[in-house]
Amino acid sequence: MIVRSNFGKTTGGEAVALYTLSNSKGAVAKITTYGAIVTELHVPGRDGKKGDVVLGFSTLDGYLKGHPYFGCIAGRVANRIARGAFTLDGKSYNLAINNSPNHLHGGLKGFDKKVWKAVQLRRAGGPALQLSLVSPDGDEGYPGALSVKVVYQLTDENTLRVEYTATTTKPTVVNLTNHSYFNLAGKGTVLGHELTLNCAKYTPVDETSIPTGELASVAGTDFDFQKAHKIGERSEKIGAAPNEGYDHNYVVDGGGKPGKLVKCASVYEPGSGRVLEIFTDQPGVQLYTGNFLDGSVVGKGGWKYIKHSALCLETQHFPDSINQKGFPTTVLRPGQVYKTVTEHRFSVRK
Ligand code: GLA
């Protein structure tokens with residue numbers, strides 16, 4: 001079932017809607033046309049009680065005031081492009097430097113700040129909502145008009161499935177992801193969440209979070225999550241104060257084959273028993289442990305989002321791919337279809 005309600009207006013006067021998707025098990029996903037943001041996601045714990053497992057706001061105003069990409073679709077290119085510069089087919093492009101000295105998550109007005117068009121789809125297996133937009137030629141400095149469709153389906157198996165497609169009128173770059181901040185307890189921090197990553201390698205970065213180009217083995221390092229580790233076990237050894245924690249792209253074992261979903265991550269929260277498994281056909285997944293949350297943003301129910309209140313597992317192409325010869329390509333050309341799927345499968349461990 002899907003119920004539509006009004007969610008207010010942007011500062012520019014555009015009407016924004018909120019869609020509530022409920023599946024046959026009573027799980028609920030709320031999705032707004034502003035930024036294609038998942039604002040709430042209620043799934044059962046071990047005791048059968050539903051809890052909201054994502055950070056966000058209950059009003060549009062919260063999102064309009066500015067926030068660190070809660071629940072949105074990040075694009076046209078999620079993650080960083082070094083110095084906001086790249087060359088494609090011999091032409092140079094310069095994008096906004098909104099994460100000095102680099103470009104981050106599509107620029108000043110990325111897909112997270114656009115109002116998407118919504119269509120409710122008739123589909124078996126659970127409610128599905130299609131969101132679409134056309135990013136015009138030259139939008140945020142990117143070449144080509146890009147037509148993007150994202151379908152969110154909340155399946156009857158308590159999976160939030162996200163399907164992305166895009167086409168372009170000129171050669172361009174594309175890298176889309178969902179930027180949900182998960183906290184499977186619905187409170188506190190994620191330091192006690194147990195994470196497993198099916199990733200033997202990661203992409204080490206320089207001091208500005210741009211990959212060096214190397215695919216390094218995680219073996220024997222604090223980046224190794226091939227067996228489950230609590231987030232808090234080693235996170236304070238990574239990065240620099242006051243924003244310690246993981247903010248790194250991992251190379252998904254067997255990933256990057258379009259249409260072939262592989263398990264890249266699984267998260268277990270011992271208190272509630274909730275489990276989140278992420279399946280994707282993307283080559284990478286960015287693990288971000290909410291290192292920049294500092295208590296200044298207050299979300300749903302008055303929850304002050306402090307450091308490590310949540311973790312993001314952003315399935316994606318590797319950061320700065322357009323400038324890295326050895327990374328899988330993010331170039332999309334006219335006539336090609338960008339197509340990718342990620343599933344967030346929720347369950348409980350007894
Ligand atoms: C991504 C980036 C982080 C940060 C968050 C949002 O995960 O890699 O550095 O920008 O988005 O704050």
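Predicted model: local features only at pLDDT ≥ 70, side-chain atom pairs only at ≥ 80, totals over all residues.
**Entry 1: S21 and its partners**

I began with strand S21 and found that five bridges join it to strand S24 (residues 284–288), the two running antiparallel. For my own record, strands are DSSP runs of E with at least two residues, helices are runs of H or I with at least four, and both are numbered from the N terminus. Two strands count as paired if DSSP finds at least two bridges between them. A reminder to myself: strands of a sheet pair through backbone hydrogen bonds, either parallel or antiparallel.

Which residue in S24 stands opposite histidine 248? I found leucine 287 there.

I then looked at strand S18 (residues 201–202), which pairs with S21 in the antiparallel sense over two bridges. Here lysine 201 stands opposite valine 251 of S21.

**Entry 2: a note on the model**

Residues are numbered from 1 along each chain as its sequence is written, and side-chain values use heavy atoms, with hydrogens and water left out.

**Entry 3: how covered is S21?**

I checked S21 (residues 247–251) for burial, and five of its five residues are buried. Buried means under 20% relative accessible area, exposed means over 50%, and partly exposed lies in between (1.4 Å probe, protein chains only). Which way do the residues point? Asp247, Asn249 and Val251 point one way, while His248 and Tyr250 point the other way.

**Entry 4: the sheet S1 to S5**

Next I traced an open sheet of five strands, ordered S1-S2-S3-S4-S5 with antiparallel pairing. Neighbouring strands here are turned by 20° against each other on average, direction ignored; the axes are lines fitted to C-alpha atoms, and angles run from 0 to 180 degrees between N-to-C directions.

I zoomed in on S4 (residues 37–44), which three bridges join to S5. Proline 44 has lysine 50 in S5 as its bridge partner.

**Entry 5: stepping back**

Finally, I looked at the protein as a whole: it has two helices and 27 strands. Its C-alpha atoms fill a box of roughly 60 × 50 × 40 Å, taken along the principal axes. Of the 350 residues, 57% count as buried.
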